[in-house]
Amino acid sequence: MTHDRGYADDDAQIGARLRAARTAAQLTIRQLAARLGWPYTTLANYEEGRRPLRVAQLVAIAAVLGRSPAAFLVDLPEAAAVIERIDGDLDRCLQVAFILDSLDSEAEPVDDTPREPSHSTGASP
């Protein structure tokens, strides 16, 4: 079964992020595969984007690497760093949400134009 080219690009990008995280953890592909109990060729296929990664597999890899699975799904390294810092910490999540809400409300234009009071006489025309 083949899948859309856009998904193949996503698989390759996620695979590259997995490879970068593995090398940052100073693990070879065979070492990580052994910790997961998988053939190293399976992991190689994920890292090369030749095989789509299911969520359960991503969660397993992330757990062994001590990373948040969600961090592998975003394009910007800065966004991944934020995810790593807030994942699993409800207080931090709420703080970040509050700050983002504050920034969003500051970005909304405020209409400071004085309004004329409406006068209703209650009489029919």
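Arg 19 counts as partly exposed, since its relative accessibility is 29%, where buried means under 20% relative accessible area, exposed means over 50%, and partly exposed lies in between (1.4 Å probe, protein chains only). The model is a predicted one, in which local features need pLDDT of at least 70 and side-chain atom pairs count only at pLDDT 80 or more, while totals for chains, interfaces and linings use all residues. Residues are numbered from 1 along each chain as its sequence is written, and side-chain values use heavy atoms, with hydrogens and water left out.

The partner of Arg 19 is Glu 48, and the two form a salt bridge whose closest N and O atoms are 3.4 Å apart; a salt bridge here is a side-chain nitrogen of Lys or Arg within 4 Å of a carboxyl oxygen of Asp or Glu. This pair links distant parts of the chain, with Glu 48 in the loop between H3 and H4 and Arg 19 in helix H1, 29 residues apart; helices (H or I, at least four residues) and strands (E, at least two) are DSSP runs, numbered from the N terminus. Glu 48 is also partly exposed, at 43% relative accessibility.

A second salt bridge joins the side chains of Glu 47 and Arg 22, at 2.6 Å from N to O. Because Glu 47 lies in helix H3 and Arg 22 in helix H1, this pair ties together parts that are 25 residues apart in sequence. Both Glu 47 and Arg 22 are buried.

Glu 84 is partly exposed at 26% relative accessibility, and Arg 67 is partly exposed at 31%. A search of the whole structure finds four salt bridges.

The setting for these pairs is a protein chain with six helices and zero strands. Of its 125 residues, 24% are buried. Among the contacts in the chain with a separation of 6 or more, 45% are between residues 24 or more positions apart, contact meaning heavy atoms within 4.5 Å.

With its neighbours within four places in sequence left aside, Leu 65 is in contact with Leu 18, Ala 21, Arg 22, Ala 25, Leu 27, Leu 32 and Phe 72.

How are the two sides of H2 divided? The buried residues of this helix are Ile 29, Leu 32, Ala 33 and Leu 36. Seen down the axis of H2, these buried residues fall within an arc of 100 degrees, so they line one face of the helix, the arc being that of the directions from the helix axis to the C-beta atoms. The face turned away from the buried side of H2 carries the exposed residues Arg 30, Ala 34 and Arg 35. Arg 30, in helix H2 (residues 29–36), has a relative accessibility of 52% and so counts as exposed. Between the C-alpha atoms of Arg 30 and Leu 43 there are 8.5 Å in space, and the two are 13 residues apart in sequence.

The backbone on either side of H2 deserves attention as well. In the loop between H1 and H2 is Gln 26, whose phi is near 60 degrees, a positive value in a residue other than glycine. Most residues other than glycine have a negative phi. Gln 26 is exposed, with a relative accessible area of 71%. Just after H2, Gly 37 takes a positive phi of about 80 degrees.

Phe 98 brings the account to helix H6 (residues 90–107), where Phe 98 is exposed, with a relative accessible area of 60%.
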